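Thanks for making time for this.

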Amino acid sequence: MNWIRGAWAVFRKDLRTELRSRYAVNVLLMFVLSALLLVLFAIGQESVSERVQSALLWIVILFSASIGLGRSFVSEEETGTMLLLQLNTRASMVFAGKLLYTLLLVLGLNTVAVLVFLIVLGIPVRSPGLLAATLALGALGLSGATTLLAALIARAARSGPLLPVLLLPLLVPLLLSVVTATRKAILGAGWAAAETELLTLVGFAGATISAATLLFDYVWTD
């Protein structure tokens, strides 16, 4: 129970800080809306395949996350609260709280991006349940990778551009799976047709979060 309360306290602290500053929310929303508007002007009245539609959607989500989600640990370093957390909480508590906070942001980002993308381009989704599962699993894998890398680069002198550089190569398996699963959801292929992609997303999220849990103690204390 103490561990749960500690992780929940870290999550609540980050959430309250974000609600006051709205830094990540504003950056994510502005990038998503600007990128989707650019996609709309580029496509115009032309019809594009479902594969291209899925790829464009996840490119917007991925680049938005890599730009807006790196501030979680950097802000701790800038405000001097990192030492306070190290003295009063365990590393696993910090990781769980930060992961939950990042997951909440990514889920909100995915929801806004998908709704705007589908409405603006008028794309019908024939398997909404499959699309929702793809978004949730993609958000979980993205959150696990982002949380660990954000802690890793927090002490770097130029931490801003480092997260996209480190994050993008790591997320290649996730990106390939979510694009294919999203395309199948738009086409209405069904759950059985996307079984391979869903299992890949579950495995990626599990492996990423497990590795991050094991490594985070060293990243957080060194």
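Predicted model: local features only at pLDDT ≥ 70, side-chain atom pairs only at ≥ 80, totals over all residues.

Residues are numbered from 1 along each chain as its sequence is written, and side-chain values use heavy atoms, with hydrogens and water left out.

Let me begin with the chain as a whole. The protein chain has 10 helices and zero strands, where helices (H or I, at least four residues) and strands (E, at least two) are DSSP runs numbered from the N terminus. Of its 222 residues, 46% count as buried, a term that stands for under 20% relative accessible area, with exposed being over 50% and partly exposed in between, for a 1.4 Å probe and protein chains only. The chain exposes about 11200 Å², and carbon and sulfur atoms supply 69% of that area, computed by the Shrake-Rupley method with a 1.4 Å probe. If we take contacts between residues at least 6 apart in sequence, 85% of them join residues at least 24 apart, contact meaning heavy atoms within 4.5 Å.

Now to the helix pairs. For these, axes are lines fitted to C-alpha atoms, over the stretch in contact, and angles run from 0 to 180 degrees between N-to-C directions.

Helix H1, residues 2–21, and helix H6, residues 91–121, have axes that come within 8 Å and cross at roughly 45 degrees. That makes H1 oblique to H6; angles under 35 degrees count as roughly parallel, over 145 as roughly antiparallel, 65 to 115 as roughly perpendicular, and the rest as oblique. The crossing of H1 past H6 is right-handed, and the convention is that the near helix is turned clockwise from the far one by less than a right angle, anticlockwise being left-handed. The residues of this contact divide into 12 nonpolar, four polar and four charged, with Ala, Val, Leu, Ile, Met, Phe, Trp, Tyr, Cys and Pro counted as nonpolar, Asp, Glu, Lys and Arg as charged, and the others, Gly among them, as polar.

The second pair is H7, residues 128–153, with H10, residues 195–221, whose axes are 9 Å apart and which pack at an angle of about 20 degrees. That makes H7 roughly parallel to H10, and H7 passes H10 in a left-handed crossing. Among the residues that make this contact are Gly141 and Gly144 of H7 and Phe204 and Phe216 of H10. By class, the contact of H7 with H10 has 17 nonpolar, four polar and no charged residues.

H7 also packs with helix H8, residues 162–170, at an angle of about 140 degrees, their axes being 10 Å apart. That makes H7 oblique to H8, and the contact includes Thr146 of H7 and Leu166 of H8.

Finally, two single positions. Val106, in helix H6, is buried, with a relative accessible area of 0%, and the C-alpha atoms of Val106 and Ile61, 45 residues apart along the chain, are separated by 8.6 Å.
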